[in-house]
Amino acid sequence: MPDSREAREDRWVLPGILLVTTVTGVVGSLGTPLVTGIAHTEGVSLVTAQWAITATLVTAAVVCPIVGRLGAGRRRRPVLLGCLVLVVLGTALGALPLGFGPLLAGRILQGLAFAIVPLAFSIARSELPEERVRGAVAAISVANVTAAGLGFPVTALVATFAGTKGAFGWACALAAAALVVALLVVPDSDEEAPRGVDWLGAVLLSTATAAVLLAVTQATAWGLTAPLTLGLLAGGVLTYVGCGWWLLRARRPLVDLRVAVRPGVLVANVCGLLAALGMFVLLSLSMILVQTTEDHGYGLGRSVAVAGLMLTPYAVTSVLGSRIALWLGRFVAPDVLLASGCLLFAAANLALALGHDALWQVTLAVVIGGFGSGMTFNSMPWLMVRFVPPAETGSALSLNLVLRFLGMSTGSALALAVLAACAGDGRQTSESGFVAGGLAGAGLSLVAAVACLVLGRTRRSDPERPERPARIETPTHPSAEERV
């Protein structure tokens, strides 16, 4: 490799992809604090405006595996740039006074921001020196989570002074800057790209994911037992079964399920799904509790700006938790590390269930949850890459991201369902609902911790796959074990 290329990698590649990842995290969190403003500005109901979140989430889950497969080898740079161009277009559509339809189309395009994260991991693994990969992958995770946490209050602040359109315009400027940075610093790759794309697998996986996410995110509006909700959920599950059957038989599958169920990868995938459930029960209950007024049942009655600021300590402690995880990873097994993070989620949900009468109590629960996030989600990518061939990095991490989306959506829907079930007399919330929701989140997080330990013990006891050291040694090419 030429010296100039090495210098560019050392100086600019990692800062560049960190900036791109930060921007995509901000854009991804853009819709949540703006739902009320979108409803007012566009003259639609709050339920309709909620599609500004649902559409982005569904798009992200659908396109992540496809982008992860397309963006391999020499296609990585053009796919990354193409995604950023579409994100810029999507934020521009949201900023222009064109009506709710174009704004919703823009939010769909903004879902591609989430698909950029696995590409950033793949770039770090392929372009950086081996000894820097572990720290780089962890830094990308931290940047994404931090941006998402800080993006909420910053977006709310911008919207307060510049309105909803101004917030989208601000995001458009950020996305355009990220595009310029990517053009300048992301290098071309000379790695061979996998031949073709499994389009049938893409259609099956996308259809199944979209159906399940729509059923979960709209269950409260449509009704938990409504025919449309149950039909979409059943159809999605059946399509997942068909998709799994196809992916195991395709010559070049969209997602290599054999890689996804390797012991070291399986524990991260199961943890990603279950831990996301517990995490979003915590965050959803916290945001609703802070904003709900007592005349709606039970709540602290604070503004959306205060609710947004609640995610700031979450983002900060998530960064600290990630640094602690990097240090602990030298001494403890990865499954123990992930289980510890899940136990922190359980403690956070339990703290919210037991204490929710003051803002400091909610903040304490959120802070504990932030440490849990750093120990789990920020750690998963650099725990997974040791067991994944370089050519499969984007695809494997994309599947893990889809599982997180499913967990987050289900956790949010579960929180709303528990609150609705416990509320009475026409109210939206009740104290018993927050207690029950917190206990449910704690229980789910405990299940996630147990699953991590059980799957990790299975890996350690497998005579064909001995325990690897906790330090990450990222191979340039698949090892003999990885090719089996």
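What is the handedness of the crossing of H9 and H11? The crossing of H9 and H11 is left-handed. A crossing is called left-handed if the near helix is turned anticlockwise from the far one by less than a right angle, and right-handed if clockwise. The structure is a predicted model, in which local features need pLDDT of at least 70 and side-chain atom pairs count only at pLDDT 80 or more, while totals for chains, interfaces and linings use all residues. Residues are numbered from 1 along each chain as its sequence is written, and side-chain values use heavy atoms, with hydrogens and water left out.

Helix packing is described first. Helices (H or I, at least four residues) and strands (E, at least two) are DSSP runs, numbered from the N terminus. Axes are lines fitted to C-alpha atoms, for helices over the stretch in contact, and angles run from 0 to 180 degrees between N-to-C directions. Angles under 35 degrees count as roughly parallel, over 145 as roughly antiparallel, 65 to 115 as roughly perpendicular and the rest as oblique.

Helix H9 spans residues 199-217, and its axis comes within 8 Å of that of H11. The two axes cross at roughly 155°. H9 and H11 are therefore roughly antiparallel. Threonine 229 belongs to helix H11. Threonine 229 is buried, at 5% relative accessibility. Buried means under 20% relative accessible area, exposed over 50%, and partly exposed in between (1.4 Å probe, protein chains only). Between threonine 229 and valine 216 the C-alpha to C-alpha distance is 7.7 Å, with a sequence separation of 13 residues.

Alanine 250 sits in the loop that links helix H11 (227-247) to helix H12 (257-260). Its relative accessibility is 14%, so alanine 250 counts as buried. Aspartate 198 is 52 residues from alanine 250 in sequence. In space, their C-alpha atoms are 7.9 Å apart.

Helix H13 (residues 263-291) packs with two further helices. The axes of H13 and helix H17 (residues 359-376) come within 11 Å and cross at roughly 160°. That makes H13 roughly antiparallel to H17. H13 passes H17 in a left-handed crossing. With helix H16 (residues 334-354), the angle is about 20° and the axes are 10 Å apart. H13 and H16 are therefore roughly parallel. The crossing of H13 and H16 is also left-handed.

Attention turns to helix H8. This helix covers residues 133-185. A search of the whole structure finds 1 salt bridge, defined as a side-chain nitrogen of Lys or Arg within 4 Å of a carboxyl oxygen of Asp or Glu. Lysine 165 and glutamate 42 form a salt bridge through their side chains, at 2.9 Å from N to O. Lysine 165 lies in helix H8 and glutamate 42 in helix H2 (residues 35-42), so the pair ties together parts that are 123 residues apart in sequence. Lysine 165 is partly exposed, at 21% relative accessibility. Glutamate 42 is buried, with a relative accessible area of 18%.

Leucine 174 is also placed in helix H8. Its relative accessible area of 26% makes leucine 174 partly exposed. Leucine 174 and leucine 19 are 155 residues apart in sequence, yet their C-alpha atoms are separated by 9.8 Å.

Leucine 183 is another residue of helix H8. Leucine 183 is partly exposed, with a relative accessible area of 44%. Together with Val180 and Leu184, Leu183 makes a nonpolar surface patch of about 290 Å². Patches are made of residues with over 30% relative accessible area and no salt bridge; like charges are joined within 9 Å, and nonpolar side chains (Val, Leu, Ile, Met, Phe, Trp, Tyr) within 5 Å. Accessible areas come from the Shrake-Rupley method with a 1.4 Å probe, and for residues only the protein chains shown count as cover.

Helix H19 (residues 393-422) holds alanine 396. Alanine 396 is buried, at 10% relative accessibility. Proline 118 is 278 residues from alanine 396 along the chain. Their C-alpha atoms are separated by 8.6 Å.
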